[in-house]
Amino acid sequence: MQLGLSNTFAEQLEGLYVPWQPEGFPSPRLLQLNRPLLEELGLDDPAVEEHAAELFSGTLVPSDSVPLAQAYAGHQFGGFSPQLGDGRAVLLGEVVDRLGRRRDLQLKGSGPTPFSRGGDGKAALGPILREYLLGEAMHHLDVPTTRVLAAVSTGETVRRSRPLPGAVLTRVAASHLRVGTLQFFTARGDLEKLERLVSYTLERHHPERSDAENPAQALLEAVAESQAVLIARWMGLGFIHGVMNTDNFSLSGETIDYGPCSFMDAHDPATVHSSIDHGGRYAFDNQPKIGRWNMARMGEALLPLLDPKEAKAIAIVERTLDLFTDTHDRLWLDGMRDKLGLDGTQADDHRLVSDLLDWMTDEEKDHTSTFRRLGDEAASSDPSFEGERFASWHAAWQERLGSQDRQDVAARMNRINPVVIARNHLVEEALDAAHERDLAPFETLHDALTNPFELRPGQERFAEPAPPDFGPYQTFCGT
């Protein structure tokens, strides 16, 4: 059976992978199939649906696939590992979707690979469904993201802190190239293959820059810009990635790896939900700084290609780091203006936004519902929250809105500020039910997440913050 796959990664990037067959399972069972995504990819064929459980568990490998496990390096919590790689993932190949975009199809949880480092290469059901939910939530919030095409039960039990049902996901990504992919060749001093990788990445993700005089610089700048866009979007939504290692920092500018990710409830810049982030390295407010740090590591990996003179190469990196920060800060402030319904720009806008966020932190106000409430009440001259401090801010906001039509402001704010997000307590509730073979809560939550800016009848609880007895919340790299 064929899926219309191509295999440019396998054909053009020798040395960056190991050919590898997924393990397969005797009794796979399809749990979820993302039919809108299937159609988007041009894979909406009755034969695909008939064999979905086998195809998307690795039990049936398409005849036009060249399956492989990718190699990469990476800084994990600041420490460099010269070889990591896909320990539980297999790239089946690439499909060109209906819009002409080349996208990877990758299995995750399909068994051990040469990069498993003693692990079993399997995945548990909960983290598979978590990635499905979070990826779709981000997609419908218009955040660049990988997505899950299918979730399949393997019929096996995997051993983590306790026995759990096993599963496999099929991830769709613009690519799985990351900063760590570049670092892999630099660590080995293989500049010829590094140069080939740079050319491949430009042609795949930034073809308009592929004939640049300095390809390495063009790639560095393109990734800086796309990652600045991505992280600014995270920050506006209160999203915490949780594990921004360089092997999870994609060259396509997509959100990738939904292990310890989460959305904040109460706004707090120091929020950390990842169980392994003991020092708060990847706390919510640190994400732009870590983005810049990761870009510096990318610059280091590309130094030999940027300029033969090290001082000039370093200067290129430093300028690109400033490009990243300037772009992020500008887009973040523009995004916050949109969240508050502000037209144009004024010198005091940053202070207006900061004062609101500081108040939200001190008063432990919910990030998502506070902005939504402001949108619902934008037309009111009365403060929507109690207290002199908020009343003072509200008056400044109203003055900044000036003569703008308040009904228009409210409508625009409610198109920007979601009412439904993948709240942690709802996600955990859905996953707990799935472990008991009840997918109804998962499906109900997923349906709500596909329309995040509108609360439909019967969905009121999806707009509510976590109950007081939920927490402290922790997430895990448990796939």
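These legends describe close-up views of a predicted model.

**View 1. The whole protein, from end to end.**
The predicted chain holds 16 helices and eleven strands. Along its principal axes, the C-alpha trace spans about 65 × 60 × 40 Å. A compact globule of 479 residues would have a radius of gyration near 23 Å, and the protein agrees, with 23 Å. Of its 479 residues, 56% count as buried.

**View 2. Lys122 and Glu156 form a salt bridge.**
Side chains of opposite charge can pair when their charged atoms come close. A search of the whole structure finds 33 salt bridges. In the one between Lys122 and Glu156, the closest N and O atoms are 2.9 Å apart. Lys122 sits in the loop between strand E7 (102–108) and helix H5 (125–140), while Glu156 belongs to strand E8 (residues 147–159), so the pair ties together parts that are 34 residues apart in sequence. Are the two partners buried or partly exposed? Lys122 counts as buried, because its relative accessibility is 13%, under the 20% limit. Glu156 counts as partly exposed, at 27%.

**View 3. Glu208 and Arg209 meet through their side chains.**
Here the salt bridge has an N to O distance of 3.8 Å. Glu208 is exposed: its relative accessible area is 54%, and the exposed class begins over 50%.

**View 4. Asp322 pairs with Arg292.**
The closest N and O atoms of this salt bridge lie 3.3 Å apart. Which helices does the pair tie together? Asp322 lies in helix H10 (residues 310–339) and Arg292 in helix H9 (residues 287–306), so the bridge links parts that are 30 residues apart in sequence. Both partners are partly exposed. Asp322 has a relative accessibility of 40%. For Arg292 the value is 29%.

**View 5. Salt bridges with shared partners build one network.**
Which residues belong to this network? The members are Glu40, Asp97, Arg101, Arg103, Glu136 and Arg147. Salt bridges that share partners join them.

**View 6. A patch of negative charge lies on the surface.**
Four residues gather here: Asp432, Glu436, Asp438 and Glu443. Glu443 has its place in helix H16 (residues 440–449). How open is Glu443, and what is its relative accessible area? Glu443 is partly exposed, with a value of 41%. That is over the 30% a patch member needs.

Methods
Residues numbered from 1 in each chain as written. Predicted model: local features only at pLDDT ≥ 70, side-chain atom pairs only at ≥ 80, totals over all residues. Heavy atoms only, no water. Patch = residues over 30% accessible without salt bridge, like charges linked within 9 Å, V, L, I, M, F, W, Y side chains within 5 Å. Areas by Shrake-Rupley, 256 points an atom, 1.4 Å probe, with all protein chains shown as cover. Lys, Arg positive; Asp, Glu negative; His and termini not counted. Charge placed at Lys NZ, Arg CZ, Asp CG, Glu CD. Helix = DSSP H or I, 4+ residues; strand = E, 2+ residues; numbered from the N terminus. Buried < 20%, exposed > 50% of the residue type's maximum accessible area, 1.4 Å probe, protein only. Rg over C-alpha atoms; globule rule 2.2 N^0.38 Å.
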